[in-house]
Amino acid sequence: DDDWGAFDSNTGADAGAPAATVAQPPAQDDDWGAFDSSAPAPAPPADTPSNESDDDWGAFDSNTGAETPSATVPQLPAQNNDWGDFGKATSASQGPRFESYGSSTKDYASTDGSLDGNLSSDDDFGDFGDFEGTSGGDDQKPKNAMQEKIRAYASQLPESLLRKSGLSGEHVDLAECFEVNIGLDASVDPAHKAMVDRCLQVLAILKKKRNSKLPSYWEQLFLVVKEELQVGKQLLAEASSKKMSKTEHQKIQKPLEVMVSGFAEYLRVVRSIVGTIGDLLLLDVSALLTIDTYASTWCSLDILKIPVEIEQLWKEIEKAASSLSIRTLQSKEKDATTSLTSIRRRVTKRVASEELCELTLVPLSNEDRGTTCGMVSWQGKDFMACSANILANRCPFYV
């Protein structure tokens, strides 16, 4: 069964730091015979992933609390690469259990701005709790209050987050985004109120000094993913150019499928972060990030230049994978979980009191238990499983 995401691994771990590795392409040696060699023995359980070739995709099975692992050189995973053991199996016949990580209990309406704390009372959204019943000249008052609060919060954000590309040094004005995307000339409808509440929620977190490094982490992660996809694209191109027998093709099929499926999880993390930035800009959930929309819709944000390149690389990888008959995710399933629009729609349906992923700031839910979107605990914080996996194995800068 070539369907990725085999959560039937018999290994298990508790809610400690995941020590998974991801599908990694081999050294560039044009010899594809290496696919029939045995996979090296996995490293002993530890919180810090080694640079050895641990080909078990996403094995969050370390029970020790070690420091952030360093990145490894991409290489093709060995066969029998399933996607990760994110929880502790209760018996030899059971797969990993995500539910061991507990349930959401925090209320972001009364927290102090930290992802692992409470936003202070001045950060709640109670000021905008009831806009019904306004009419005439009063219609603008709630919106003006919203706009001013967004302006005040935005002034406290890290400088790099809203910087436009180019040498002008200009920055995006979120108050102007409010005026363009929400408007000031009508009463507040529920859909717009939800957009503003989400914008304020993200702003309240990012404006805190303790979270000031997060935009920098996003930029570094984007660069890591871009480099990984570039290697994968080259690897697929080499595989396509070689004349292989049916047996040789079968040998590389499974490793390449695991690699591409891993890239899809990288893409999920990138798009989740992009979606959060879209929430800051108060963009409609249907807004796509492309070369054509980068300036007109996404305000030419400098932080989004690499995600635009990632989207293009992913298209090329999908095309190359298709030519090799490599199956990743079925179209319907992929659209339901990994497209930017679907990710943002899911966010709008989640209540503000649910846990947020420490990296992407998207709400976590028990509905995603047992999937790569499910909540895991790593370094004492809550993440989507795919977010924790890429941080643990490809992002040594994250501390």
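This is a predicted model: local features need pLDDT of at least 70, side-chain atom pairs count only at pLDDT 80 or more; totals for chains, interfaces and linings use all residues.
The largest cavity holds about 110 Å³ of space. Its lining comprises 13 residues, and those nearest the centre of the cavity are Ile343, Arg346, Val362, Pro363 and Met384. By residue class, the lining of the largest cavity consists of seven nonpolar, two polar and four charged residues. At least two lining residues are contributed by each of helix H5 (246-280) and helix H9 (340-349); the largest share, three residues, is that of H9.

Helix H3 covers residues 190-206, and its 17 residues should span 24 Å at 1.5 Å a residue, in agreement with the 24 Å that separates its end C-alpha atoms. At the start of H3, the backbone nitrogen of Ala191 is approached to within 3.0 Å by a side-chain oxygen of Asp189. The helix is largely enclosed by the rest of the structure, because 12 of its 17 residues are buried. His192 is one of these buried residues of H3, and the others are Val196, Asp197, Arg198, Cys199, Leu200, Gln201, Val202, Leu203, Ala204, Ile205 and Leu206.

With regard to the cysteines, the structure contains zero disulfides. Cys177 takes part in no disulfide, the nearest cysteine sulfur being that of Cys299 at 4.3 Å. For Cys373, the closest cysteine sulfur belongs to Cys386 and lies 5.4 Å away, which is too far for a bond, since a disulfide requires the two sulfur atoms to be within 2.5 Å. Cys177 has a relative accessibility of 8% and therefore counts as buried. Cys373 likewise counts as buried, at 8% relative accessibility.

Ser286 is located in the loop between H5 and helix H6 (293-296). With a relative accessibility of 44%, Ser286 is classed as partly exposed, as this value falls between the limits of 20% for buried and 50% for exposed residues. The side chain of Ser286 forms a polar contact of 2.5 Å with the side chain of Asp284. Ser286 is also found 8.6 Å from Arg345, C-alpha to C-alpha, although the two residues are 59 residues apart in sequence.

Notes:
Residues are numbered from 1 along each chain as its sequence is written. Side-chain values use heavy atoms; hydrogens and water are left out. On a 1 Å grid over the protein atoms alone, a cavity is a set of points where a 1.4 Å probe fits but cannot get out, and a pocket is an open set with protein on both sides within 12 Å along at least five of seven lines; lining residues have an atom within 4 Å of a point. Grid points are joined across faces, edges and corners, and a volume is the space filled by probe spheres set on the points. Helices (H or I, at least four residues) and strands (E, at least two) are DSSP runs, numbered from the N terminus. Ala, Val, Leu, Ile, Met, Phe, Trp, Tyr, Cys and Pro count as nonpolar, Asp, Glu, Lys and Arg as charged, and the others, Gly among them, as polar. The expected span of a helix is 1.5 Å times one less than its number of residues. Buried means under 20% relative accessible area, exposed over 50%, partly exposed in between (1.4 Å probe, protein chains only). A polar contact is a pair of N or O atoms within 3.5 Å; within protein, one must be able to donate a hydrogen and the other to accept it, and residues adjacent in sequence count only if both atoms are side-chain atoms.
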